[in-house]
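Subject: Structure handover

Hi,

Here is the structure for you to look over. My notes follow below it.

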Amino acid sequence: MKKVAIMLMLLTIFSKILGLTRDITLSYFYGASGISDAYLISLTIPGTIFAFIGTGIATTFIPLYSNIENTVNTKSADRFTNNILNLTLVICSCLIVCGALFTNEIVGIFASGFEEETLKLAVTFTRISLFGIYFSGLVFIFTSYLRMKNKFVIPALIGVPLNLFTIISIAASSKYSLLLLAAGSIIATASQLLLLIPSAYKSGFRYNPILEISDKNVKRMMFLSMPVILGTSVNEINKLIDRSMASQIAVGGISALNYAHKIDGFIQGIFVMSIVTVMYPMIAKMAAENNISGLKKTLSESISGINLLLVPATIGVMVFAEPIVLLLFGRGAFDEEAVSMTSNALFYYAFGLMGFGLREVLNRVFFSLQDTKTPMINAVISMVINIILIYILSKYFGIGGLALATSISAIVCTLLLFVNLRKKIGSYGLRSIIVSFGKMVLASLLMVFIAKGIFNFIIRDINSDVSLMISISIGALVYIIIIYYMKIEGVDSLINNIWRKLIKK
């Protein structure tokens, strides 16, 4: 698991750098403006509409496929895959028709603060980008299928064509037509299948045009998916309220939230999802085999690995929020006001990094145990907290208040999941995890103290961007050295394994 997670982390870094380049390109040509707001809403709406179904597939497909393969055979599991694929295409068709019929109303809900020109542009973009839902459905299924076959490289690389085509469409739209923004999003989403479908066929997948809604496994998936869909709807409602409030607070508010969230997502993608992606199929198989002790061990290692990376990232991003935004986006149409709004949002999003990351891990454990109800209940509690805090904090912190509300609700949700999981599977080394966490916080504070000192007093006159990169690099080195000598349980063995591999090479 550790070897694959490290490899995935490297691949994810490459893909996420391209993703950041995509957002930098958007910020360069359109800044935080009405056009960028309209474009981002047109991407958010299809994503939100399909998220209910897509998340249900992604979270329940893997444990169900594993269970069918374990109790029956691979042929039956592959038949189940085809059934789900065809059912998804039917559902996608219904969603697209509904979205096309009520586009004006939907955009009005998502961006209540849009003025006439921005609103009209958002409606036009959305009508085009809705057709990307077809390709999103296929991507969800084929990535889940490949991960079940222990094929992690291709799913980790699909962001490359996605981001490349998006970057090209953004640049071309500034020269030719704004409609290329929306059209490019469809082509970019579809391009992922150029990698996924050949890899799925190599792994044994063969398409079969079957559609059996009455199949017991499909019914089981629908039953398990309902709490996931409800839980996802809660998350999407949170996003909807965030975007709607942001459109009322300031022009470019949606874009500022998006840029900050993308930096946050960059960190999550590298440090969390690379570990979760490998962990989930493993614990799904362990749960199917009733290997609870193995599941606990894998969970504990995953939490330690994520804490090791997210604790310093959280503190580092909070301290260097504005220089990071300036480094990534501070050029072209991205003006001083956009920098201020985005860095403010990034600071408060960073506060919840640990909550977002560990929630992903804990949710996967419940899904592996075919318990989708507990994450749903916690998501509802999180939504209620988030909505209340949004209306309170946005009055005092503006755009930053929206991000802070999201972070606090994520932390509360994660703490509840920790408690619920202990009740469900018993002790899984929580005391040891807390002690390790405390050591990591101490190491991270020392790291940031040194990095900030270097940035402020030693080399800032060189260049702000260069000094930031040097400061972060030295800080990271300091953190690694401190962690190594702290002898943290679980982390110690991981560092030793990496060190042995470096010596061999």
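Is R79 buried, partly exposed or exposed? R79 is partly exposed, with a relative accessible area of 39%. Please keep in mind that this is a predicted model.

Salt bridges. The count comes to six. R79 pairs with E212, and their closest N and O atoms are 2.6 Å apart. This pair links distant parts of the chain, 133 residues apart: R79 sits in helix 3, E212 in the loop between helix 10 and helix 11. E212 is partly exposed too, at 30%.

D23 forms a salt bridge with K262, at 3.6 Å between the closest N and O atoms. D23 is buried at 3% relative accessible area, whereas K262 is partly exposed at 27%.

R364 counts as buried, because its 15% relative accessibility is under the 20% cut-off. E360, at 22%, counts as partly exposed. Elsewhere, shared partners join R22, D23 and K262 into one network.

Helices 13, 16, 18 and 19 each supply at least two lining residues. The lining divides into 14 nonpolar, five polar and no charged residues.

Best wishes

Terms used:
Residues numbered from 1 in each chain as written. Predicted model: local features only at pLDDT ≥ 70, side-chain atom pairs only at ≥ 80, totals over all residues. Heavy atoms only, no water. Helix = DSSP H or I, 4+ residues; strand = E, 2+ residues; numbered from the N terminus. Nonpolar A, V, L, I, M, F, W, Y, C, P; charged D, E, K, R; others polar. Salt bridge = Lys/Arg side-chain N within 4 Å of Asp/Glu carboxyl O. Buried < 20%, exposed > 50% of the residue type's maximum accessible area, 1.4 Å probe, protein only.
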